[in-house]
Amino acid sequence: MSTQSESGFELDTLRERWGPRIERFKRGWDRYTTHKMGVAGLAILVLFTLWALFPDVFAPHTPEWKAYIGYENTRMSPEEVNSLPHPPAFGDPFFAPLGTNASGQGIYSMLVYAAGSALYIGLAAGLLSSLVGVPLGLISGFYGDTWIDETIQRIVDVMYGLPFLPFLIVLVAIRGVNTTNIILGIAVTSWLNNCILIRGETLSLKERAYIESAQVAGASDTRIVFRHILPNVLPLAFVFLAQDAAAAILAQASLAYLGLADFTANSWGLMIQNVQAHNYIYNAPWWLIPPGLAITAIAAAFYFIGFSMEDVTNPQKE
Amino acid sequence: MSLLEVNDLSIQYEVDDDEVHAVDGVDFSIDRGETYGFVGESGCGKTTLGKSLVHLLDSNGFIADGEIWFDGTLPQWENDRGEPRRDVIENDQYPVREDGKTDLAQLDNEQIRDVRWRNIALIPQSAMNALNPVYKVGDQIVEAIRRHEPNTSVEEADTRARDLLERVGIDPDRADDYAHQFSGGMKQRAVIAMAMACNPDILIADEPTTALDVIIQDRILDELDELQEEFNVSILVISHDISVMAEICDQLAVMYGGKIMESGPKAEVFQESANPYTLGLKNSFPTVKQEQSELVSIPGSPPTLLDPDPGCRFVDRCPFAVDECESSHPPMYDVADAEGGRRVEGDDEKSHRSACYRVDDLETMRTEASKEETWQAITQNH
Amino acid sequence: MTRISARYLGKRIVVSYITLLVIMTLLFALLRSMPGTFISSMITPEMQPEQIQRMREVWGLNEPLWKQYVNFMVNYQTGEFGMSPTNRVPVWDIMIRRLPRTLILFGAAFIVAYIVGPLVGMYLGWLRGSRKDKSIFASSLVMYSMPAFWLAWLFIWLFNYELGWLESTYMYHQFPQFEWTVVSTITNVLHHITLPLISLAFVNWVGVMLVMRPSMNNVTEEDYVFLAQAKGLSERTVMIKHAARNALIPVATQAIVGLAFLIDGSIIIEQVFSWPGIGQLIVNAVISKDYPVAQASFFILAVLVVVMRLLTDVVYTYLDPRIKFGEG
């Protein structure tokens, strides 16, 4: 009996605590869906996520499949080899909806199977730079105009002077070309924006009456930061996460083009690079265009989501 | 003859497919050289009203109905003597009527720009921030002069700008300064000087003294008074501050919920207030009535104006409301007649009028309204 | 016009210099943190131990680390970049030959991006929320999302391969009987620079627009813009002279991010179009493990960023008379 009422009580407090947040989220969602751009971005992202999670559902073959021979461990005849890369066409002895590349792999299947690595790089780099940038921005803003703030801002200042891609090239070249290093390299420079903008937001939040009253009431610094400031800057942090993810995907593609990609992992950037490596830029549009469009689509999706969220979190608009 | 004659003006804002009736069927007229005041709580539509005269509403606001007859017309419709051309008056395409007045409500976006500043200058609410930070103050005045008098040379305009600054008590050499080098009061005066640059017929001053301290407030009001005498300009003052109105207005209109509740000569509106809202507003301000020692505010807040109910706008907060008040918004009754116990609609926009069904029972309202309990009773009733 | 105080300028120069020193230190640490020494990749199995020893000496690797660091810092600031092991010429010579080419392409793209970006941003910020704004904004984000090299290939395919209008490699043609008059040189270079320039600017103006648009939008809410309207000024004058002029102020500072993007872009674009500049050099040097050249290219690009930042600071003080000179 008593436990029941206690759990009921807990449920009530839980509802009391989360009710307004859920309410706020719902309102935010309603405003978000008024942005066609944001909805489109979300739709693209959902599609690519499905590709990444269930590639076998969407793709007719795995990347190991080859035209003419399928999964067999045999060789193609010279005529067959000469017909590669093969444009999409009806009446082929094999099924490749977007044609094949020079080694006979299906372009469409490759696209589907590479979605995972694009999402991984984007989200990992985005998360990583948020994990660095948001706390530093919070600290810098909360202790605004003290030596802590000054130090962090000087570091940011210096880092801004670092040419990003050259740095990434040197770093990856030295530490080895693999996905983890690429992600680390991207995160090392992309946290700067997060840090600066979160700092600005924290500075302005700090001036608000409720924070001051919490301070007067004797709340500790950590409590104020985590309970009062962090929840308010979090939506903004997601905005940057989305933008960083887009930038990371594009950076990875650039590296792949420069020959600094993990050649063991299938990625859209690498697919484009292979078009050049096999010298088919002008002759195989079915091979060149789809991966470029896929990169554009996923980066645009992240940007769309990011900027729509920015509008939603910015209450002064409309 | 009146300088500005506003008939049945309604302004709406479109907000999420709904229409907000910010100003609803307002009539008033301003004479040359007169100071006309609009007073009311924030959100009553007085700023919207001021901005609408020269089409400076936010992009979602529009004049839904009504006429704004102004004694004057566009430069291209004038003859050599500055009067509207005969053919313009006779041609129905132009919104100019027989007595030479132009309906500003019918002008399009480009045409109204010629009226702004040249005929009607509007000083926005926060004039302190109205100076562009990246241009010298003097140059901003020169810009206004040269916009409406393109034949004026830069040097001539510059001399005039310095004269204007001197006129409002700013060292003419400060024309070469930027806004951030000015104090708050100086910025305000600089904007007033700028407003007089093209010798306008009407000056609309939106909250001219808010955000200034009391001493500077006084100086600004004196300044406006002197300018009015010198330039013979009509001033339309918009303020929530009754004490400002008491100081400078000739005529006064009390606004509530997008409607004029009471209007007339200042002294009459103040001393013989004939509307519950005016009475309540007076209670909540310190300087007007000496005998009132304690301030009593009107409980509740102004209505939202989103599809308003048919009844009197003030009915929810009015301690004197009767059933009739729920039926429709009252017309403007003549107060002089009402003092004699008769309820007659007043036609003269200059005379003392009040929109209240109980205007025939003035004595009761005036005595009751000065008591705090009267107002507190509303909170219990609702 | 406001004059910049020498003190303010001096302070900015000192800050820039310190930034550069820190970046160089980072560079030093990065190269020395490689497994083994950074010359190990240059050592081939056929080399004699004496050769390797000589190499270590040439590179100063036998010195203590602090001495190496001091030498590195001093040498770099005096333009002593060392010899390129693959080209067998002083690195400085390579740099001095390549830098102007990079500056031409980079500078041209910079100008285009910083004219188009603010203009479009101004227009969108002024119309914010309208259907026009939404569709143009979404389209420019799509442009911004295109991989630069892929887009460049599409341009090459269209304008060079299909239409044959423009050149797609190198900076100019060296025909045997080419007369190097001013006009012919300019048209020659224009023929070559147009495609890389378009490819570079196509993506990068968006970065500037992304700063200008919200800035413009904030400014339109300002009272001085309202007053400008009330003065009867034309919409154009209000938008350009009163709103955009103020909206540009944050663009000058925040656009550093766009600047960094532009450098990244020019590395890729130089590679695609075989533009013989620093960007192409650094990539090739890294791939062929020519570390002296890679190191120096990195340094030059860092100097470029730092100098550009200094310039934006100066521009900023000209744009905003509120800056308190010689203070803060």
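Two strands pair if DSSP finds at least two bridges between them. Helices (H or I, at least four residues) and strands (E, at least two) are DSSP runs, numbered from the N terminus.

A word on the source. This is a predicted model, where local features need pLDDT of at least 70, side-chain atom pairs count only at pLDDT 80 or more, and totals for chains, interfaces and linings use all residues; side-chain values use heavy atoms, without hydrogens and water. Residues are numbered from 1 along each chain as its sequence is written, with chains lettered from A and ligands numbered from 1 in the order in which they are written.

Now the pairing. In chain B, strand 10 (residues 259-265) and strand 12 (residues 353-354) pair in the antiparallel sense over two bridges. Which residue is the bridge partner of Ser263(B) in strand 12? Arg353(B) is.

Both strands belong to an open sheet of eight strands in chain B, with mixed pairing. The order is 6-7-8-3-9-10-12-11. At the edges sit strand 6 (120-123) and strand 11 (333-334), each pairing on one side only. As a reminder, strands of a sheet pair through backbone hydrogen bonds, either parallel or antiparallel.

Chain B also has a hairpin, made by strand 1 and strand 2 with two residues between them. Strand 1 (residues 2-15) and strand 2 (residues 18-31) run antiparallel and are joined by ten bridges. Tyr13(B) has Val20(B) as its bridge partner in strand 2. In the turn, Asp16(B) has a positive phi of about 50°.

On to chain A. Chain A has twelve helices and zero strands. Its radius of gyration, taken over C-alpha atoms, is 25 Å. The C-alpha trace spans about 80 × 55 × 40 Å along its principal axes.

How much of chain A is buried? Of its 318 residues, 49% count as buried, meaning under 20% relative accessible area with a 1.4 Å probe, protein chains only.

Next, contacts (heavy atoms within 4.5 Å). Take those in chain A between residues at least 6 apart in sequence: 72% join residues at least 24 apart.

Last, the chains together. Two pairs of chains touch, and the most contacts are between chains A and C. Chain A and chain B do not touch; their nearest C-alpha atoms are 10 Å apart.

Notes: The radius of gyration is taken over C-alpha atoms; the globule rule is 2.2 Å times the number of residues to the power 0.38. Buried means under 20% relative accessible area, exposed over 50%, partly exposed in between (1.4 Å probe, protein chains only).
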